[in-house]
Amino acid sequence: MNIKDLYYFQRLISTQSYTQTAADFHVSQPTISQAIKRLERHFQVTLFFRQAKTKALVLTPSGQQLLLAANDIINNWQHVNESISHLRQHTLRFGIEPSVSEHYLPALTKPIIEQDLLSSVHTVEMGANQLVKQVLAGQLDLAISGNLDQTLDERLAVTPLRPFKFRILANVAHPLAKAEHRLLQKR
């Protein structure tokens, strides 16, 4: 079994046609048939049957399970290929929250420009939730987020950066506007 067999299986179920699947991959129809047979031999199951009246391919429970797994495997394989391609091109895919970028991006950009690496960094700004999703999906290599709740996901490697000063903005009529600075600093 190889990953191409999973691609063939996935497309066959989508197209419902051996001929169309073979044409999509520029291979012969027997190549697709052999791939399906390899998968069925490997798992020792029948993956689908052809409905008598409509000729539709109907997945067995094992076929349904394999299709779900094949979708995940193929998506992960594509992410790995993209990541390795970016590494080969020496491109860093970097995400940052807009609210954080004004504090960290200037400090990060200066050495990147000085080392003539700007063309090797692809930077995007987006919210914390989207940054986490894209890092976990392999669409970003790293991200800077100010949202501590999002960094608690155990699938993330989190490195704290130096703290920066925040300011409290309050309406002049609000009690916080009248609080002494030293009281706010103790909290």
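Predicted model: local features only at pLDDT ≥ 70, side-chain atom pairs only at ≥ 80, totals over all residues.
**Notebook: sheet, helix packing and overall fold**

I then counted the bridges between strand 3 (residues 92-96) and strand 5 and found three, with the two strands running parallel.

I recorded an open sheet of three strands in the order 4-3-5, with parallel pairing. Strand 4 (121-125) and strand 5 (142-144) each have a single partner strand and stand at the edges, so one side of each lacks a neighbour in the sheet. From one strand to the next, I noted an average twist of 25 degrees.

I looked for a helix against this sheet. Helix 6 (residues 128-136) packs on it and touches strand 3 and strand 5. The direction of helix 6 makes about 165 degrees with that of strand 5.

The axes of helix 2 (residues 18-25) and helix 3 (residues 29-43) come within 8 Å and cross at roughly 105 degrees. Helix 2 contributes Y18, T19, T21 and A22 to the contact, and helix 3 contributes Q29, I32, S33 and I36. I sorted these residues into four nonpolar, four polar and no charged.

I listed eight helices and five strands, which follow the pattern α-α-α-β-β-α-β-α-β-α-β-α-α along the sequence. Of the 187 residues, 24% count as buried. The chain exposes about 13,400 Å², with carbon and sulfur atoms supplying 55% of that area.

Definitions and conventions: Residues numbered from 1 in each chain as written. Heavy atoms only, no water. Axes fitted to C-alpha atoms, helices over the stretch in contact; angles between N-to-C directions. Helix = DSSP H or I, 4+ residues; strand = E, 2+ residues; numbered from the N terminus. Contact = heavy atoms within 4.5 Å. Nonpolar A, V, L, I, M, F, W, Y, C, P; charged D, E, K, R; others polar. Buried < 20%, exposed > 50% of the residue type's maximum accessible area, 1.4 Å probe, protein only. Areas by Shrake-Rupley, 256 points an atom, 1.4 Å probe, with all protein chains shown as cover. Pairing = 2+ DSSP bridges.
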